[in-house]
Amino acid sequence: MNCGYVFEVETEDSIYDSHTEDQWRLFSANARAHQKSFVVVVPKGFEQQAHQRARDMSITIDDVWTVG
């Protein structure tokens, strides 16, 4: 049962930062531990890059939302 969300907002430049990798790993693990959904918000047109980045890192993103 989903009891909330963990959100992370990225710019087109920050999707591939090493700092982003550290954050996504932490946030994804926290979401799993607390039965929440991990959602990454990216600029419109960058949803595939976010999904690919998560696959490359072997982490779970429950959803990718876009803005812009």
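The model is predicted, so local features need pLDDT of at least 70 and side-chain atom pairs count only at pLDDT 80 or more, while totals for chains, interfaces and linings use all residues. Residues are numbered from 1 along each chain as its sequence is written, and side-chain values use heavy atoms, leaving out hydrogens and water.

Let's start with the packing. Helix 1 (residues 18-33) and helix 2 (residues 47-57) have axes 11 Å apart and an angle of about 75 degrees between them. That makes the pair roughly perpendicular (65 to 115 degrees). Axes are lines fitted to C-alpha atoms over the stretch in contact, with angles from 0 to 180 degrees between N-to-C directions; helices are DSSP runs of H or I with at least four residues, and strands are E runs of at least two.

Now to the salt bridges, of which there are 3. Each is a side-chain nitrogen of Lys or Arg within 4 Å of a carboxyl oxygen of Asp or Glu.

| Salt bridge | Closest N and O atoms |
|---|---|
| Arg25 and Glu21 | 3.0 Å |
| Glu21 and Arg53 | 3.8 Å |

Glu21 lies in helix 1 and Arg53 in helix 2, so their bridge ties together parts 32 residues apart in sequence. Arg53 is buried at 10% relative accessibility, whereas Glu21 is partly exposed at 25% (buried is under 20%, exposed over 50%, partly exposed in between, with a 1.4 Å probe and protein chains only). Through shared partners, Glu21, Arg25 and Arg53 join into one network.

Technical notes
Parallel < 35°, antiparallel > 145°, perpendicular 65-115°, else oblique.
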